[in-house]
Amino acid sequence: MLRLLVLATLVLCGHCSEQYIEDLPDNSRVVGGTNSAPNAWPWQISLQYQSGSSWYHTCGGSLIRANRVLTAAHCVDRVVNFRVSLGDHNLSVNEGTEQIIAVSTIRKHANWNPNSVSAGYDIAILFLASSASLNNYVKLASLPADGTVLANNYGCTITGWGRTTTGGSLPSILQQAPLPVVAHSTCSTSSYWGSTVKTTMVCAGGNGVQAGCNGDSGGPLNCPVNGVYQVHGIASFVSSLGCNAYQKPTVFTRVSAYISWINSNI
């Protein structure tokens with residue numbers, strides 16, 4: 001799922017300001033994306049929930065310790081059984097590289113308000129019931145230095161199994177799409193997101209073509225720094241005008257704003 005914000009002249013409207021698009025039992029993809037190479041993003045996980053005897057993809061996440069996953073708080077607001085699939089590429093096929101591990105504990109930021117995603121703090125750490133085996137298919141994500149803010153138009157990549165369009169098709173292969181950073185000074189203007197975006201968030205995209213969508217929440221914004229991809233964002237919300245609405249970039253929790261919190265909760 002990916003939070004959608006309902007806008008009224010670019011200002012959030014009272015009690016109806018924010019709505020969920022419900023979790024869907026799909027293996028959908030990034031809007032405007034392409035198939036990733038198998039296990040090209042080995043820290044990417046699929047967060048799955050149990051319904052009956054079946055498990056369904058709901059969000060993404062990033063493996064930051066062998067037994068810790070970084071994701072969005074709104075992904076785990078529901079009280080259900082969760083598990084993660086690591087080393088996955090095609091959710092419809094058992095490729096032999098997957099590791100399935102139960103989630104034992106969920107730690108959300110104390111300031112997270114499920115009724116106000118635009119307030120920020122959309123971040124959570126999942127404690128896994130056992131440690132993953134690190135290999136060529138399952139690796140730890142690199143995180144940015146505390147306080148790092150990337151420049152406008154910095155080239156990053158979103159990855160996930162989120163929808164191709166709002167209500168769109170449902171392929172099962174992990175997708176990727178280029179999403180350049182939109183500086184806060186631009187993203188917070190009235191023609192973009194206005195005061196909805198905070199300095200603890202990072203905007204990326206907004207070209208009306210590529211974007212995150214339902215199913216991408218919690219997944220990483222991967223940005224190359226000194227030859228290494230770092231997870232600079234956790235997918236948080238998009239516009240109710242459409243996942244890829246022009247000048248409504250996908251909004252991510254800025255990981256570098258929460259490094260101290262992450263370190264104290266892992």
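Rings of Phe, Tyr and Trp, the last by its six-membered ring, pair if their centres lie within 6.5 Å. The model discussed here is predicted.

Q: How many aromatic pairs are there by this rule?
A: Let's begin with the ring count in this predicted model. Applying the rule to the rings, the count of aromatic pairs comes to five.

Q: Is the pair of Trp41 and Tyr229 stacked or edge-to-face?
A: The ring centres of Trp41 and Tyr229 are 4.9 Å apart, and their planes stand at 70 degrees. Planes over 60 degrees apart count as edge-to-face, so the pair of Trp41 and Tyr229 is edge-to-face.

Q: How many residues apart in sequence are the parts that Trp41 and Tyr229 tie together?
A: Trp41 sits in the loop between strand E5 (34-35) and strand E6 (44-51). Tyr229 belongs to strand E17 (residues 228-239), so the parts that this pair ties together are separated in sequence by 188 residues.

Q: Is Trp41 buried or exposed?
A: Trp41 has a relative accessible area of 7%. Buried means under 20%, so Trp41 is buried.

Q: What is the angle between the ring planes of Tyr121 and Tyr258?
A: Here is another edge-to-face pair, formed by Tyr121 and Tyr258. Their ring centres lie 6.3 Å apart, and the angle between their planes is 75 degrees.

Q: Where does Tyr258 lie, and how many residues apart in sequence are the parts it ties together with Tyr121?
A: Tyr121 is in the loop between strand E10 (99-108) and strand E11 (124-128). Tyr258 lies in the loop between strand E18 (250-254) and helix H2 (259-264), so the parts tied together are 137 residues apart.

Q: Which residue lies over the face of Tyr49?
A: The distance to look for is 4.4 Å from the ring centre of Tyr49. The residue lying over that face is Arg78.

Q: Which residue's backbone nitrogen lies 3.4 Å from a polar atom of the side chain of Gln175?
A: Gln175 is part of strand E13 (residues 175-178) and counts as buried at 0% relative accessibility. The backbone nitrogen 3.4 Å from a polar atom of its side chain belongs to Thr34.

Terms used
Residues are numbered from 1 along each chain as its sequence is written. This is a predicted model: local features need pLDDT of at least 70, side-chain atom pairs count only at pLDDT 80 or more; totals for chains, interfaces and linings use all residues. Side-chain values use heavy atoms; hydrogens and water are left out. Rings of Phe, Tyr and Trp (its six-membered ring) pair if their centres lie within 6.5 Å; planes under 30 degrees apart count as stacked, over 60 as edge-to-face and the rest as tilted. Helices (H or I, at least four residues) and strands (E, at least two) are DSSP runs, numbered from the N terminus. Buried means under 20% relative accessible area, exposed over 50%, partly exposed in between (1.4 Å probe, protein chains only). A charge sits over a ring if NZ of Lys or CZ of Arg is within 6 Å of the ring centre and within 35 degrees of the ring normal. A polar contact is a pair of N or O atoms within 3.5 Å; within protein, one must be able to donate a hydrogen and the other to accept it, and residues adjacent in sequence count only if both atoms are side-chain atoms.
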